[in-house]
Amino acid sequence: MSEFGPVDREFVQSLPKCELHLHLEGSLRPDTMRRLAARNGVDLEDDLERRYTYDGFDHFLELFLMGLRVLRTGEDFADAVEALAGELAAQNVRYAEVTTTAFSHNRRQVAMADYAAGLNAGRAAARQKHGVELGWVIDIPREIEPPESPFTTDFVTGPLAPEGLVGIGLGGPEPGNPPEPYEQAFARVRAAGLRSLPHAGETEGPASVRGALEALGAERIGHGVRSVEDPALVDELGTRGTHLEVSLTSNVALQVVSEIDEHPLPALLEAGLSVGLNTDDPAYFSTTLNDELLLAATSFGLSRADLVALQAAAFRASSLPQDRTAEFLADLSRVST
Ligand SMILES: [Zn+2]
């Protein structure tokens with residue numbers, strides 16, 4: 001437990017924060033969803049609030065797909081980004097890497113030039129109006145974009161790539177869709193200077209994480225919590241210094257663990273791995289980064305210093321230039337524990 005001050009909401013709020021794993025398409029709160037739906041004449045079911053308390057992955061996917069329907073124009077994307085930035089700023093989140101899935105929008109006939117312009121405008125507004133710096137991760141949705149598809153690799157290495165793009169991700173359901181077939185796609189994007197930031201080890205076990213490390217050259221792992229099942233893999237993650245983007249509420253909501261007490265966060269920290277906390281899909285899981293830090297503290301008895309360390313790990317694992325990382329770490333070091 002805390003040696004000095006209490007780990008309360010006020011303390012968590014005061015921390016300068018960094019979040020590395022959240023999806024733009026999972027960040028639409030009901031009011032934003034309604035606003036965009038009204039603008040586009042999209043008829044949302046009237047039980048929208050009820051839909052945000054779903055009961056499993058299928059219901060989650062239903063809500064996720066409904067969210068996609070309201071994002072049509074560049075202005076919609078810009079507004080969605082700005083709404084997210086306002087929320088981040090209100091929590092003292094200074095920097096976030098936001099994942100977005102170009103392929104899904106292209107498939108819905110959203111013009112990629114509009115999509116990119118919307119991301120750029122939203123990112124500029126995030127900085128100018130909210131003081132939040134954003135980086136983008138564009139992911140390949142493995143359940144719908146096959147490994148041989150050139151779409152996402154062309155987009156992220158082409159002229160329409162959004163400003164602030166830092167890396168490529170691999171999202172979607174892991175079962176039946178291992179990382180290895182995406183080796184060439186990732187190699188091409190990494191050769192263009194982008195980072196490898198795939199999801200792995202969420203619903204599949206250690207083999208998925210090994211595949212992400214070896215075939216995709218993963219620099220961070222989205223989730224990665226099931227690495228804990230293989231001590232040799234945990235050692236390897238430690239040796240490589242691979243950061244794990246952990247999302248507690250998401251893991252419980254999607255039943256990666258049956259309850260929060262079962263979550264392997266304490267074991268991952270005990271093993272000395274670089275770990276940070278994240279919201280994943282904050283609107284759909286009804287959470288915030290502050291909530292995640294508080295949940296970790298109350299569930300596992302983390303101290304103020306432990307939460308500072310989690311945030312420091314996230315800043316270090318970010319794609320910020322070294323001097324910016326150093327500034328944020330200096331800000332963090334001034335927080336009294
Ligand atoms: Zn995710």
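This is a predicted model: local features need pLDDT of at least 70, side-chain atom pairs count only at pLDDT 80 or more; totals for chains, interfaces and linings use all residues.
User: Which residue is the bridge partner of H199 in β7?
Analyst: β6 pairs with strand β7 (residues 220–223) in the parallel sense. The pairing runs over 2 bridges. In β7, the partner of H199 is G222.

User: What residue in β8 stands opposite I221?
Analyst: β7 and β8 are joined over 3 bridges. They pair in the parallel sense. Opposite I221 stands L244.

User: Are the faces of β8 covered or uncovered?
Analyst: On one side lie H243 and E245, and these are buried.

User: Why does E245 count as buried?
Analyst: E245 is found in strand β8. Apart from neighbours within four places in sequence, its contacts include L20, H21, G222 and G276. A residue is buried if 20 or more other C-beta atoms lie within 10 Å of its own. E245 counts as buried because its C-beta neighbours inside 10 Å number 25.

User: How many Å separate the C-alpha atoms of E245 and V225?
Analyst: E245 belongs to strand β8. Along the chain, E245 and V225 are 20 residues apart. Their C-alpha atoms are separated by 8.6 Å.

User: Is α15 roughly parallel or roughly antiparallel to α16?
Analyst: Helix α16 covers residues 322–333, and its axis lies 10 Å from that of α15. Residues V308, Q311, A312, F315 and R316 of α15 meet T325, F328, L329 and L332 of α16. The two helices pack at an angle of about 175°. That makes α15, relative to α16, roughly antiparallel.

User: Why is helix α10 described as largely enclosed by the rest of the structure?
Analyst: Helix α10 covers residues 206–214. P206, V209 and L213 are among its buried residues. The buried residues pack against β6, β7 and α11 (231–240). α10 is largely enclosed because, of its 9 residues, the number buried is 7.

User: Which edge strands does the open sheet of 5 strands have?
Analyst: The order in this sheet is β1-β2-β3-β4-β5. Its pairing is parallel. Each edge strand pairs on one side only. The edge strands are β1 and β5 (195–196).

User: What is the bridge partner of H23 in β2?
Analyst: Strand β1 spans residues 17–23 and is mostly covered, with 7 of its 7 residues buried. It runs parallel to strand β2 (residues 93–100), and 5 bridges join the two. For H23, the partner in β2 is T99.

User: What radius of gyration does the chain have, and why does it agree with a compact globule?
Analyst: The C-alpha trace spans about 55 × 40 × 40 Å along its principal axes. For 337 residues, a compact globule would have a radius of gyration near 20 Å. The chain's value agrees with this, because it is 19 Å.

User: What share of contacts in the chain, with a separation of 6 or more, joins residues 24 or more positions apart?
Analyst: The secondary structure comes to 16 helices and 9 strands. Buried residues make up 48% of the 337 residues. Among contacts with a separation of 6 or more, the share from residues 24 or more positions apart is 75%.

Notes. Residues are numbered from 1 along each chain as its sequence is written. Two strands pair if DSSP finds at least two bridges between them. Helices (H or I, at least four residues) and strands (E, at least two) are DSSP runs, numbered from the N terminus. A residue is buried if 20 or more other C-beta atoms lie within 10 Å of its own, exposed if 12 or fewer, and partly exposed in between; C-beta atoms are placed from the backbone. The radius of gyration is taken over C-alpha atoms; the globule rule is 2.2 Å times the number of residues to the power 0.38. Two residues are in contact if their C-beta atoms, placed from the backbone, lie within 7 Å. Axes are lines fitted to C-alpha atoms, for helices over the stretch in contact, and angles run from 0 to 180 degrees between N-to-C directions. Angles under 35 degrees count as roughly parallel, over 145 as roughly antiparallel, 65 to 115 as roughly perpendicular and the rest as oblique.
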